[in-house]
Amino acid sequence: MSPAYWPRDLEMKAEIPSMFNNDGGDQVMPIGRCRNAGIVNSVEFVPSWNLTGANTNSRTLVLINRRTTGTGTTTMCSLPLTSGLSLTRGVAVSLVISAANAPVVVGDILEWNTIHVGNGMQDPGGEVIIQQSLGN
């Protein structure tokens, strides 16, 4: 989990609800607006439930920067929940951030998406924790 000493205006958190019995559904959750210009340097997901990845019918977790207008489509990072990847309830997993897509400006809107692949799989829900550094 994120350290308690991280400055509040450089960290965003959001609770993502679980979606059981809706394997083929997608979920879009606004995280919030960036309060400072800088670089997103850490994105973690702490699942509410265990989940074993699968290749054919799975789910992908995605952080999107919608920019200040709300219309941007920049994928900052994603995590395909495929075979070989298991989520454990309460254990944070780090998403790899694309360096080219990490910069943010004041007012950028960050959004969390969970997207079904094939017939999909359950969305375990959990907490998204985003941390940034100052400067751009």
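Helices (H or I, at least four residues) and strands (E, at least two) are DSSP runs, numbered from the N terminus. Everything below comes from a predicted model, where local features need pLDDT of at least 70, side-chain atom pairs count only at pLDDT 80 or more, and totals for chains, interfaces and linings use all residues. Residues are numbered from 1 along each chain as its sequence is written, and side-chain values use heavy atoms, with hydrogens and water left out.

**View A. Asn-36 sits in the loop between β2 (27-33) and β3 (38-47).** With a relative accessibility of 19%, Asn-36 counts as buried (under 20% relative accessible area; exposed is over 50%, partly exposed in between; 1.4 Å probe, protein chains only). Leaving aside residues up to four places away in sequence, Asn-36 touches Asp-9, Leu-10, Val-104, Val-105, Val-106, Gln-132 and Leu-134 (contact: heavy atoms within 4.5 Å).

**View B. Strand β5 (residues 58-65) is largely enclosed by the rest of the structure.** Eight of its eight residues are buried. In a regular strand, side chains alternate between the two faces of the sheet. Here both faces are covered, with Ser-58, Thr-60, Val-62 and Ile-64 buried on one side and Arg-59, Leu-61, Leu-63 and Asn-65 buried on the other.

**View C. β5 pairs with β10 (residues 109-117) and with β6 (residues 74-80).** Pairing takes at least two DSSP bridges between two strands.

**View D. Arg-66 and Glu-111 form a salt bridge, closest N and O atoms 2.7 Å apart.** The term means a side-chain nitrogen of Lys or Arg within 4 Å of a carboxyl oxygen of Asp or Glu. Arg-66 is in the loop between β5 and β6 and Glu-111 is in β10, so the pair ties together parts 45 residues apart in sequence. Both residues are buried.

**View E. Asp-108 and Arg-67 meet in a salt bridge of 3.3 Å, N to O.** Asp-108 belongs to the loop between β9 (103-104) and β10, Arg-67 to the loop between β5 and β6, and 41 residues separate them. Asp-108 is buried at 1% relative accessible area, while Arg-67 is partly exposed at 31%.

**View F. Glu-11 reaches Lys-13 in a salt bridge, with the closest N and O atoms 4.0 Å apart.** Glu-11 counts as buried at 15% relative accessibility, whereas Lys-13 is partly exposed at 44%. The structure holds three salt bridges.
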